[in-house]
Amino acid sequence: MSYFVNEKGYYGDFGGAYIPEMLYPNVEELRLNYLKIINEEGFQKEFQQLLKDYVGRPSPLYLAKRLSKKYNANIFLKREDLNHTGAHKINNTVGQILLAERLGKRRIIAETGAGQHGVATATVCALRGLECVVYMGEVDIKRQAPNVARMKMLGATVIPATSGSKTLKDATNEAMRDWINNPFDTHYIIGSAVGPHPYPAMVALFQSIISEETKKQLMEQTGSDQPDYVLACVGGGSNALGMFYHFIDDEKVKLIAVEAAGRGVSSGFSAATTTLGKEGVLHGSRSILMQTHDGQVVEPHSVSAGLDYPGIGPQHAHLFKTGRGQYVSITDDESLDAGLLLTQLEGIIPAIESAHALAYLEKMTFSGGENVVVCLSGRGDKDMDTYMKHFNF
Amino acid sequence: MSRLKQLFQEKKNILSIYYTAGYPSLGDTITIAEELERCGADLLEIGFPYSDPVADGPIIQASSKIALDNGMDLKLLFQQLKDLRRTVSIPILLMGYVNPMLQYGVEEFCKSCAEVGVDGCIVPDLPMVEYEELYASVFAQYRLSNIFLVTPQTSPERIQKIDGLSNGFIYLLSSSATTGQNLSISDTTEAYFSRIAHLKLNNPTIIGFGISSKETFDKACQYAGGAIIGSAFVKSLDATDLKGSIQKFMKVFKPEVEQLS
């Protein structure tokens, strides 16, 4: 069984490139060139250098002792929150900006939910002197104000998406429309492992540095590069795929993907895609999405803007359907409690997205010796407003 | 002979009109079709609405949202079209996105089209490869045309391939754009249109996206079998005087048709 993309752009039943003809030349250009460019020596040299000196990689793998004691297992945190700009998103934007330059593009567009991907995109555009336009749902603009200000300070134009639920899904629609209308000079940096082939494969590849480093660091710290469990939160699923990537073919390592249950999976305010969704097409690929009987996309809900998405990437759909990954969900309140717990036990304020992965530890039982890696995909600075309101600080 | 083939054999300057089913009111689908035919439309594209229409601009996004809020879905649309062929004789295509069609079931969709007398469909986000491998035989079984889009950036090889898979006409986009923008025919657009004309395709062509005035319609007809008007028509619809607004709109494009009211 292959868990990776095949030559047709599919992961089992999922993937493909369900795009209108207007997007075909750009997506095809990318499909034909991305691996060739990424494998060039010059690209790799520049990419690795930037990851090291600009992003600050490798990110630490930190054995969280007090958390470990509480859960009776060795809990390691992969500290993507310590990356420049505060989340894993920059791994992908550094890669894609180098790719865009080599494709001769001068204008960059992106969608963003929590604003982390928007900030990571605006950052690399400032670094390389490229024009940057970020689409962000109007609702998200309100709940992630600090990130909006950061993008503007970085020189990006932030355009509110005012259709639908005014969140990540709608920002993605607007970015796709922009790309249709600007077919020549523009590269669309998709931030998650979603979209038409080759995006899910390309984003996962750029994020795979997370598990590549984790394996080495585990070997150094524990004498084995094989953890018992790997956990990550899933919206579209880029940090999870980065965290899973080099463990996927090692079936002894259990992969746990944590979705956002919102106010509860049956509440009508949820983003638990694998529980609530069905197979279909969203944003250019065949995957699993939350939809009505008639195939209309259902508006999701999560307290965490980065998980507030009605679909998952096609590779996740495949890992879910084949049973290779275990897909679970955590409510808004559970995630906020887990965020507070990590803060007070370890002195780390996590992004609410990452707190979903942490919250699932509460539901697991350990016998004491297990090694567990949790991807701490981002830091919580952007979420202080939500934490403050919830806990009355 | 199919209604589409016959149309292209018999007519030039074909005027095709797009509208969204379920807009402005849920029950307007047939009324609009009848009135458009009476006012001289040659071909109709009835849109089945989708929540996330990425190829569409603000006007069709808005009409789609209202149609969905009104309760339109494919099941209801096919019910409304049940007696279509008693009163409407021009060719009719359904246009929409792939996900509602997948959820309805592609074979079931084709069957329903054939039962009510729909001649084909346009599904912009259904890729050519998937169509060819998975669905072309079902379309053929129910004698439905699948209409493909071509843009100025589509390569000649790909256009030839599209021509080979088409059996009705090819939908030429005036430029790479979402729907509802004004067409300005530049030298490069003209060069693209004549490039297509020189490919000697088996299928006729119609130009769409950005056609909003009589001038742009006439210009488009110089290069193709006709043109499609969508956003401009949808925008002109007036729920308080539906037939009147259609007559007023159509009079500009088909002044020769006697307007009875």
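This is a predicted model: local features need pLDDT of at least 70, side-chain atom pairs count only at pLDDT 80 or more; totals for chains, interfaces and linings use all residues.
Local features need pLDDT of at least 70, side-chain atom pairs count only at pLDDT 80 or more, and totals for chains, interfaces and linings use all residues. Residues are numbered from 1 along each chain as its sequence is written, chains are lettered from A in the order in which they are written, and side-chain values use heavy atoms, without hydrogens and water.

**View 1. Four strands of chain A form an open, parallel sheet.**
The strand order is 7-6-5-8. Helices (H or I, at least four residues) and strands (E, at least two) are DSSP runs, numbered from the N terminus. Two strands pair if DSSP finds at least two bridges between them. Strand 7 (157-161) and strand 8 (186-188) of chain A each have a single partner strand, so one side of each lacks a neighbour in the sheet. From one strand to the next, the twist averages 25 degrees. Angles run from 0 to 180 degrees between N-to-C directions, with axes fitted as lines to C-alpha atoms, for helices over the stretch in contact.

**View 2. Strand 5 of chain A pairs with strand 8 of chain A.**
Strand 5 covers residues 107-112, and three bridges join it to strand 8 in the parallel sense. A:Ile109 sits opposite A:Tyr188 of strand 8. Helix 5 (residues 116-128) of chain A packs on this sheet and touches strand 5 and strand 6 (131-137) of chain A. Contact means heavy atoms within 4.5 Å. The direction of helix 5 makes about 165 degrees with that of strand 5.

**View 3. Six strands of chain A form an open, mixed sheet.**
Here the order is 3-4-14-9-10-13. Strand 3 (61-63) and strand 13 (325-331) of chain A are the edge strands, each pairing on one side only. Strand 4 (residues 74-79) and strand 14 (residues 371-376) of chain A run parallel, paired over six bridges. Within this pair, A:Ile75 faces A:Val372 of strand 14.

**View 4. Two helices of chain A lie across strands of chain A.**
Helix 14 (residues 332-346) runs at about 90 degrees to strand 13. The strands under helix 14 include strand 10 (254-262) and strand 14.

**View 5. Chain B meets chain A.**
The contact takes 38 residues from chain B and 35 residues from chain A. Together the chains bury about 2,800 Å², 49% of it on carbon and sulfur atoms. Buried area is the accessible area (1.4 Å probe) that two parts lose on being put together, summed over both. B:Asp52, B:Val54 and B:Gln103 supply 20% of the area that chain B buries against chain A, more than any other three residues. Three salt bridges cross the interface (a side-chain nitrogen of Lys or Arg within 4 Å of a carboxyl oxygen of Asp or Glu). In one of them, B:Glu133 and A:Lys8 bring their closest N and O atoms to 3.6 Å apart.

A cis peptide bond joins A:Arg57 and A:Pro58, with omega about 0 degrees. In chain B, the bond from B:Tyr23 to B:Pro24 is cis, with omega near 0 degrees. A:Thr85 is not a glycine, yet has a positive phi of about 75 degrees.
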